[in-house]
Amino acid sequence: MLDIQQLRSNLDAVAEALAKRGKPIDFTEFKALEAERKTLQSRTQELQAQRNSLSKQIGMLKGQGKDASEVMAQVGALSDELKTSEGRLGELLEQFNAILAALPNIPDESVPVGSDETGNVEIKRWGTPRTFDFPVKDHTDVGEQLGQLDFTTAAKIAGSRFSLLKGGLARLHRALAQFMLDTHTADHGYTELYAPYLVNAASLYGTGQLPKFEEDLFKVLRGDQGPLYLIPTAEVPVTNIVRDEILAAEVLPLKFVCHTPCFRSEAGSGGRDVRGMIRQHQFDKVELVQVVHPEQSAEAHEALTRHAEVILEKLELPYRRMALCSGDMGFSAAKTYDLEVWLPAQNTYREISSCSNFGAFQARRMQARFRNDKSKPELCHTLNGSGLAVGRTLVAILENYQQADGSVTIPAVLRPYMGGLDVLSAS
RNA sequence: GGAGAGGUGGCAGAGUGGUCGAAUGUACCUGACUCGAAAUCAGGCGUACUGCAAGGUACCGUGGGUUCGAAUCCCACCCUCUCCGCCA
């Protein structure tokens with residue numbers, strides 16, 4: 001959520017900054033509402049003040065046993081205007097909230113301007129893609145030929161866009177998550193969390209998935225109670241820890257790491273990445289979340305992105321870091337780096353991590369604050385990033401570590417997690 | 001799932017229709033006393049919007065309603081706790 005003060009005082013600048021995202025936003029409704037709001041609000045408050053003071057008089061008169069009917073008549077004269085005035089003001093404020101809730105974040109000044117992913121800028125490259133002296137298979141073929149990856153049975157059990165892992169591959173999946181968690185807790189200073197996989201609407205509103213992106217979520221209806229949603233990322237439960245909190249400045253920065261399954265309906269992705277594990281309804285992810293002092297968020301963003309990169313480097317997977325352009329960033333982000341891992345079968349880099357600085361955008365929605373130097377509540381900044389997407393990391397390993405005989409070498413750092421096993425072979 | 005109790009300021013806790021945005025305690029901040037600290041004493045101490053300011057407005061789980069007036073009464077929802085049942 002953007003600062004409504006900023007919209008009121010500097011609408012043109014906001015509109016210009018938001019236009020960088022590609023779709024110019026029409027603010028004529030906002031302007032009309034704002035013009036009406038100002039006078040209506042002060043008039044309403046004036047009427048309320050009159051009512052309150054007259055009502056106090058009634059109380060005093062009655063307390064003294066005197067007749068209050070004259071004063072009561074005065075209040076009665078106010079009540080009609082007050083009622084319509086309050087009602088209209090309520091409507092206006094609701095419309096403001098709806099407009100505000102649907103506005104995306106303003107891109108940071110350092111974000112390259114562009115309309116889509118072709119405008120993204122490569123920041124760095126790490127590692128050299130391996131050369132193969134045999135025909136490279138994609139991860140689906142590698143996994144299926146190992147007899148450890150089974151989409152047919154997954155489809156029977158659940159449907160398309162699910163996978164079933166077996167034996168060594170299932171263990172490798174578990175090993176990856178363990179390895180990532182251990183690295184982030186032991187080397188990068190994160191506190192491990194275990195969090196709910198189902199969350200309420202308020203939490204999704206806080207991180208920006210609602211109200212605009214409900215169709216991307218799996219929704220669980222519960223009779224007459226409010227619905228719950230399957231989390232699309234651990235970002236939601238973890239960031240919402242600080243919702244409606246005023247933190248002591250000393251507790252910042254908060255650094256959390258959380259491994260969860262993620263559930264996405266992938267509505268509208270039809271046809272894309274239908275083969276394999278790239279785009280699933282359910283996938284595991286190790287998520288990094290930070291809540292920081294506003295002055296520290298840019299620095300924290302760089303550090304957090306490095307924390308994700310370290311995982312790829314330890315796994316010896318070639319990757320590149322992209323700065324997303326204004327038109328390709330997510331709704332809530334002020335700035336995003338994507339990490340893309342090399343997939344030899346696709347002969348390209350594919351997204352495996354997305355690390356974003358949200359500035360105060362999420363914090364304002366969540367009312368997540370801390371007490372600043374002057375002991376005044378001030379909005380925190382929030383950040384998160386995948387460290388990493390487990391399923392896609394598994395894909396990268398299957399493809400990059402495949403051997404001519406169909407086996408898959410296990411990256412050295414994972415072997416302690418695999419009971420010393422150093423290769424996956426057909427079972 | 002059944003029965004009951006309850007949600008008030010950082011925490012504890014009073015307040016059941018009228019100077020209540022809210023007693024009191026505690027924590028915290030400032031000052032006095034002290035060589036310093038403790039203790040004691042005095043003052044301050046919720047959030048947001050609005051106004052140059054004085055001030056005004058809203059908020060006592062959330063949303064409605066009754067009333068001239070609601071923390072207080074009514075309705076719905078959310079959440080917590082206790083007991084019983086069931087259960088990984």
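**A buried glutamate and a helix crossing**

The side chains of Glu-340 and Arg-320 are joined by a polar contact of 2.7 Å (a pair of N or O atoms within 3.5 Å; within protein, one must be able to donate a hydrogen and the other to accept it, and residues adjacent in sequence count only if both atoms are side-chain atoms). The model is predicted, so local features need pLDDT of at least 70 and side-chain atom pairs count only at pLDDT 80 or more, while totals for chains, interfaces and linings use all residues. Residues are numbered from 1 along each chain as its sequence is written, and side-chain values use heavy atoms, with hydrogens and water left out.

Glu-340 lies in strand β12 (residues 335-343); strands (E, at least two residues) and helices (H or I, at least four) are DSSP runs, numbered from the N terminus. With a relative accessible area of 12%, Glu-340 is buried (under 20% relative accessible area, 1.4 Å probe, protein chains only). Leaving aside residues up to four places away in sequence, Glu-340 touches Pro-318, Tyr-319, Arg-320, Met-322, Tyr-349, Arg-350, Glu-351 and Ile-352 (heavy atoms within 4.5 Å).

Turning to the helices, α12 (residues 390-400) is mostly covered, with 11 of its 11 residues buried; among them are Arg-392 and Asn-400. The axes of α5 (residues 139-146) and α12 come within 8 Å and cross at roughly 80° (lines fitted to C-alpha atoms over the stretch in contact, with angles from 0 to 180 degrees between N-to-C directions). Helix α5 is therefore roughly perpendicular to α12 (65 to 115 degrees). Here His-139, Val-142, Gly-143 and Leu-146 of α5 meet Val-395, Leu-398 and Glu-399 of α12.

Key. Chains lettered and ligands numbered in written order. Buried < 20%, exposed > 50% of the residue type's maximum accessible area, 1.4 Å probe, protein only. Parallel < 35°, antiparallel > 145°, perpendicular 65-115°, else oblique.
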